[in-house]
Amino acid sequence: MRFAAAAGLLLSVACSSSRPTPTGNNAPDAGLQQVPATGLEGCLLYTDGRQTGTVPRQVPELSGLAASQKHPGIFWGHNDSNNPFELFALDEAGAVKATLTLTGADPRDIEDVAVGPCAPGGKEACIFLSDTGDNFERRKEVRLFRLPEPAAVENATLPVETLLFTYEDGPHDAESLIVDGRSGQVGVLTKTRASLGDLYAVEGLKPGATGKARKLGTLRVPDDVDRLATAASLHPSGERLLVRTYTRVWELRRPDAKRLEDFVQAQVVEVPGASQAQSEAVTFLQDGRGYLLGSEFAGEPLVRVDCR
């Protein structure tokens, strides 16, 4: 969220984990030498990003994006904290195709969105919103909100289910939600200045109960040159995981990955990013052949990266 970005910049002298947002030829992917994704489903190499549109005025604090599983070309997006409880159906140009007014909960700090099975092993698709922002790491419980993905892209008022959980080792700030479309496994990646993030599997999620987030391991980039994960997206194959920070985009690759814990030992490579004011959203495209990058602030570019 915006507060965390400012705090990270103020601490950049003491902590190498945060840097000013790059622009133009100073962007992290300028002249990026890509590592081919040999033997993996999806793109072997990526193109440079191209602007497809801009963040609409209805989503001035865009904090998460997720490709719809039912509606090709539609992306679910949401605002950060202190905004109405709404979910937006967007296209890659930033046009708002529908607004979902959500009821049944009072969010505190929604940070990411993902689409996947409503329950492990299930076939119906649900949208998950992660109310897991916790800048000062004081929240005793955090929450996911779940609703079935609508059959039509149209304005509607819909209720959500609240899924509480706690971390096994105490509170954490987390802005990245992961849902495995194959198994329904749910994970969160924490936002920390110590690494790219700690990966947790969230288990026992159901209304009226409190689930538990179990630590799977710590994710790191080569030479620890980047930290503070702000968003994540799992490839439809389950073998590639995108992780976004304020300055770069990383792809974790693990052939034959079956569960999220396999990514603790994955290959980590930098992939093309985008120069955006507040880099807080990333999602693979529905078919997995590229990804879309979003930012807070209305008018900021939406950037699509495709297969080369």
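Colleague: Which cysteine is joined to cysteine 43 by a disulfide?
Modeller: Cysteine 307, with an S to S distance of 1.9 Å. A disulfide here means a pair of cysteine sulfur atoms within 2.5 Å. Bear in mind that this is a predicted model, where local features need pLDDT of at least 70, side-chain atom pairs count only at pLDDT 80 or more, and totals for chains, interfaces and linings use all residues. Residues are numbered from 1 along each chain as its sequence is written, and side-chain values use heavy atoms, with hydrogens and water left out.

Colleague: What parts does the link of cysteine 43 and cysteine 307 tie together?
Modeller: Cysteine 43 sits in the loop between helix 1 (2–10) and strand 1 (50–54), and cysteine 307 in the segment after strand 21 (301–306), so the tied parts are 264 residues apart in sequence. Helices (H or I, at least four residues) and strands (E, at least two) are DSSP runs, numbered from the N terminus.

Colleague: And is cysteine 43 buried or exposed?
Modeller: Buried, at 1% relative accessibility. Cysteine 307 is buried as well, at 18%. Buried is under 20% relative accessible area, exposed over 50%, and partly exposed in between (1.4 Å probe, protein chains only).

Colleague: OK, new topic: how many disulfides does the count come to?
Modeller: Two. Cysteine 118 is joined to cysteine 126, S to S 2.1 Å. That link is right-handed, with 90° about the S-S bond, while the link of cysteine 43 and cysteine 307 is left-handed at -80°.

Colleague: What pattern do they follow?
Modeller: It's 1-4, 2-3, counting bonded cysteines along the chain.
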